[in-house]
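Biologist: Please show me the model, and then I will ask about it piece by piece.

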Amino acid sequence: MDHPENDEKYTGLTVNSGVAQPPSVNPYLRRHRRKPIPTAAEMVDGILKGDITMLSRAVTLVESIQPDHYALAQEVIEKCLPYSGNSRRIGITGVPGAGKSTSIDVFGLHVLRQGGKLAVLAIDPSSERTRGSILGDKTRMEKLSQHPGAFIRPSPSAGSLGGVARKTRETIVLCEAAGYDNIFVETVGVGQSETAVHSMVDFFLLIQLAGTGDELQGIKRGIMEMADGIVINKADGDNIGPAQLAQAQFKSALHLFPPAESGWAPEVLTYSGYYELGIAEVWDMIDRYFAFVKENGYFERKRNQQARYWMYETIDSRLRSHFYDNPEIAALLADHERLVLSNRQSSFIAARDILDYYFSKNKSCMVEDK
């Protein structure tokens, strides 16, 4: 680059070339380059071999909202489907502070000592304002996160429990294909997520605390109706008495509900996740449940019901997306919303007009396709 200062009329003035770029503080540092996305065949091959890195990349694709990622993820899931279904899926829920993560840590270690592999899929609550999540479940599962036979994957709810539930079910398929024969699904513990998680697991475990006034609240929310087992945590020290009292209260409350479709009578146990007391007894209860439902055929019936449920849920989800992602519909919604808010049109007439337009447009498209 020419510098006017170097002109002859500026004799005696020189311009230095500048300071040389100093070497890197870390000579071993290399620029990070994002690896290209593997093909579906490469991912499936890695998953079937138990490659955790490839499994993690496939789960990331499942959670992605990009259309091209969605197509690739569905291809991977379809190819992994024949290798899935060979696990015990256990949902774990409870109010915040009940000790779900600590319990999963000790339950998981107990399972791994018996052999096999464990995947923990934790649905982490997201901020309503920022949509961000801490995703700190691994930090609360200190021992399990270091075990080579465990795979822990937190997923943000991002304000859409239905969408997270669908992605969690697809992640279960991937984990099963990777050889994980025990799957824990931890809920956010806010009430609505329990129903979604219940529709994808074989056993639903409800963790409760003693002396929190939550006994009757549990009945109101209806979560107890879904529970296959109820466990009272923190039954240690001076809290053993209150925990046993809560155990008796829950046992009495269970008599108010009609018999479960499985024919199984839910049990109520006490344990201490922190001191690892009563863990074997809780797991023996879960073993008895699986033996019971497999013998009477309910296990297969429930798996079939869940597969049918998620087929219709997926159809509903795609139809909603097709409707609301349509730019013409978005403009029409805005116009009719103004009419409704100004009392110039009723909500029902506005909805009818929008749907009539949507159906007429799609009917003409179907005719053209034919």
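Biologist: How many helices and strands does the secondary structure of the protein come to?
Modeller: This is a predicted model, in which local features need pLDDT of at least 70, side-chain atom pairs count only at pLDDT 80 or more, and totals for chains, interfaces and linings use all residues. Residues are numbered from 1 along each chain as its sequence is written, and side-chain values use heavy atoms, with hydrogens and water left out. Helices (H or I, at least four residues) and strands (E, at least two) are DSSP runs, numbered from the N terminus. Counted this way, the protein has 14 helices and seven strands.

Biologist: What percentage of the 370 residues in the protein is made up of buried residues?
Modeller: A residue is buried under 20% relative accessible area, exposed over 50%, and partly exposed in between (1.4 Å probe, protein chains only). Under that definition the buried share of the 370 residues is 42%.

Biologist: What share of the contacts with a separation of 6 or more comes from residues 24 or more positions apart?
Modeller: A contact means heavy atoms within 4.5 Å. Among contacts in the protein with a separation of 6 or more, residues 24 or more positions apart account for 74%.

Biologist: How many disulfides does a search of the whole structure find?
Modeller: A disulfide is a covalent bond between the sulfur atoms of two cysteines. The search takes a pair of cysteine sulfur atoms within 2.5 Å. Cys-80 is buried at a relative accessible area of 0%, and Cys-175 is buried at 0%. Across the whole structure the number of disulfides found is zero.

Biologist: Which salt bridge partner does Glu-176 have?
Modeller: A salt bridge here is a side-chain nitrogen of Lys or Arg within 4 Å of a carboxyl oxygen of Asp or Glu, and the whole structure has eleven of them. Glu-176 is in helix H6 (residues 161–177) and is buried, at 5% relative accessibility. Leaving aside neighbours within four places in sequence, the contacts of Glu-176 include Tyr-83, Asn-86 and Ile-183. Its side chain meets, at 2.8 Å from N to O, that of Arg-89.

Biologist: How many residues apart are Glu-176 and Arg-89?
Modeller: Glu-176 and Arg-89 are both buried. The pair links distant parts of the chain, with Glu-176 in helix H6 and Arg-89 in strand E1 (residues 88–94). Their separation is 87 residues.

Biologist: Where is Asp-202, the residue that forms a salt bridge with Arg-303?
Modeller: The closest N and O atoms of Arg-303 and Asp-202 are 2.8 Å apart, and both residues are buried. Arg-303 is in helix H12, 101 residues away from Asp-202 in the chain. Asp-202 is in the loop between helix H7 (193–198) and strand E5 (203–208).

Biologist: Why is the pair of Tyr-289 and Phe-290 edge-to-face?
Modeller: Rings of Phe, Tyr and Trp (its six-membered ring) pair if their centres lie within 6.5 Å; planes under 30 degrees apart count as stacked, over 60 as edge-to-face and the rest as tilted. The count comes to 14 aromatic pairs. The ring centres of Tyr-289 and Phe-290 are 5.7 Å apart, and the pair is edge-to-face because the planes are at 85°.

Biologist: Which loop holds Lys-234?
Modeller: Most residues other than glycine have a negative phi, and most peptide bonds are trans. Lys-234 is not a glycine, yet has a positive phi of about 65°. Lys-234 is partly exposed, with a relative accessible area of 37%. Its loop is the one between strand E6 (229–232) and helix H10 (240–254).

Biologist: Where is Asn-343, a residue other than glycine with a positive phi?
Modeller: Phi of Asn-343 is near 60°. At 73% relative accessibility, Asn-343 counts as exposed. Asn-343 is in the loop between helix H13 (327–341) and helix H14 (347–369).
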